[in-house]
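Here are my notes for you to read alongside the model. Keep the 3D view open as you go.

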Amino acid sequence: MAKFNEVQKKRRALISESKRARHGDPNTRKLKQKAQPLSISGKRKRKLFKKWRRDQKEAIEKGVITMEDVEIAMADAADGKTQDAKRTPVKFPMKKSSKLKLKKKGKFL
């Protein structure tokens, strides 16, 4: 079993060296850190939203946030003074020449 551990260790080293040669920085041979994906799963979104609501509830109970603050924030949102109003609309990639087929009903004379 000890022999296999040595072989596996060499195999891992060889694989990591080849990855560094292909994807690493030419000078330092270090691999680049990949950015995390921007999309978020529904489960994670629900979990974060639950945590946010819990924090808001605790802040209201402690008196850090008052109901007046909430009303002011809601009024700002109604006026369009939030960050969402400043965002540019999202563009979805669509085919320029999409062809729609119309179903024709029976051709009876």
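1. Start at Arg-44, which sits in helix α2, residues 42-62. Helices here are DSSP runs of H or I with at least four residues, strands are runs of E with at least two, and both are numbered from the N terminus. Arg-44 is partly exposed, with a relative accessible area of 40%; buried would be under 20% and exposed over 50%, using a 1.4 Å probe and protein chains only.

2. A word on the source: this is a predicted model, where local features need pLDDT of at least 70 and side-chain atom pairs count only at pLDDT 80 or more, while totals for chains, interfaces and linings use all residues. Residues are numbered from 1 along each chain as its sequence is written, and side-chain values use heavy atoms, leaving out hydrogens and water.

3. Which aromatic rings pair up, and how? A search of the whole structure turns up one aromatic pair. Phe-49 and Trp-52 have ring centres 5.7 Å apart and planes at 20°, so they are stacked (pairing needs centres within 6.5 Å, with the six-membered ring used for Trp; planes under 30 degrees apart are stacked, over 60 edge-to-face, the rest tilted). The two residues are three apart in helix α2, so about one helical turn separates them. Phe-49 is partly exposed at 43% relative accessibility, and Trp-52 is partly exposed at 46%.

4. Now zoom out. The protein has four helices and zero strands, running α-α-α-α from the N terminus. Of its 109 residues, 3% are buried.
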